[in-house]
Amino acid sequence: MATFDLDFSLHQGEFTMAFTVKVEARALALFGPSGSGKTSALEAVAGLRTPRQGRIAVNGHVLFDSERHINTPVRHRRTGYVPQDILLFPHLNVRENVTYGADVIKIYSNNTPNRGSLSVEEMRAIVDEARRLHVKVTAHATSDEAVWRAATAGVDGIEHAYQVADSTLALMKQKGIFMVPTDLDSATVLRYASRSQGRFTATPAQVPTFVNGQRDRLRRAIKAGVMIAAGSDNYIDLGMPQGDAAKHNLFAYAEAGMPSLAILQAATWNASRLLGLENRVGVIRARAFADIIAVEGDPGTDIHALERVRFVMKQGTVYLNKLSVGRD
Ligand SMILES: [Zn+2]
């Protein structure tokens, strides 16, 4: 049992929200329409928002009390907070999703391994609506037919494209559609096999049979002039954090023969253009996000230098600094 003793008010845009709950229960669930303040209330309990006034106590621990000037720091609150990070509601249309805050529309052209797929006409309607609302559309497509349908409908980017004909690549090039190859490097294939408890086997000698098709289509795409943006879209558990998996995706590009500088561009500038964020991400300039890393070595010639991160700045805040420059 937990005791929730919450009585506070919060500024919510133009409004002031008053929140009062006093209950002893195993769980407390908040229901209400979008915009009614559920997330704000939870953020106040977690310490991510400061109420205007009032009191927040959980299990007798006073986390916030405006009169007594108590405002326990987040790290001492013993609360976990899982933010809502999925803004796409599949049952809503493009316009409604954008209203709820989606700034990119992701659809599936085919839906591997399920049989569902979208028609060219359906995707065209989605693209038209997204264009009007100035948001980009990217499509999951694994087969040549699915890539062709999405490209014909005029999406901005296509994830995976494991199988794709040269004629479809020509269509992508002509329409300026990005390809987002989600490829496995050799190390990841072997790692996946070692964790699969016999469901999937691969020896080092067998790795080429798994990766050659991906490598070949990336080379053909580059040769056709299709723009490449890096993105992992990892829908299988590779047994590593998403950030690591995303890095290995870049190493897969290198194994296909893509030059390091082109890979770095795919992961920064091209990816930002695909998302319509080219003034804020993937560039170093005034008013852009100050997201900067420094690595040991020259990633422009050796992409594996990305495994030696020595400095991380995220939106102007330094999170890691192991640089020894000028410190002697
Ligand atoms: Zn996908």
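Just after helix H1, Gly-47 has a positive phi of about 90°. Helices here are DSSP runs of H or I with at least four residues, strands are runs of E with at least two, and both are numbered from the N terminus. The model is a predicted one, in which local features need pLDDT of at least 70, side-chain atom pairs count only at pLDDT 80 or more, and totals for chains, interfaces and linings use all residues. Residue numbers start from 1 along each chain as its sequence is written.

H1 itself spans residues 38-46, and Ala-41, Ala-44 and Val-45 in this helix are buried. These three lie on the same side of H1, because they cover an arc of only 100° around the axis; the arc is that of the directions from the helix axis to the C-beta atoms. An α-helix has 3.6 residues a turn, so residues three or four places apart point the same way. The cover over the buried residues of H1 includes strands E1 (2-12), E2 (15-25) and E3 (53-58).

Helix H9 (residues 260-274) holds Leu-264. Why is Leu-264 partly exposed? It has 18 other C-beta atoms within 10 Å, and a residue is buried with 20 or more, exposed with 12 or fewer, and partly exposed in between, with C-beta atoms placed from the backbone. Leaving aside residues up to four places away in sequence, Leu-264 touches Pro-299 and Gly-300; contact means C-beta atoms, placed from the backbone, within 7 Å.

As for the overall layout, the protein is divided into domain 1 (2-76) and domain 2 (94-280), with bounds from an automatic or database domain assignment. The C-alpha centres of domain 1 and domain 2 are 41 Å apart.

Terms used: Two residues are in contact if their C-beta atoms, placed from the backbone, lie within 7 Å.
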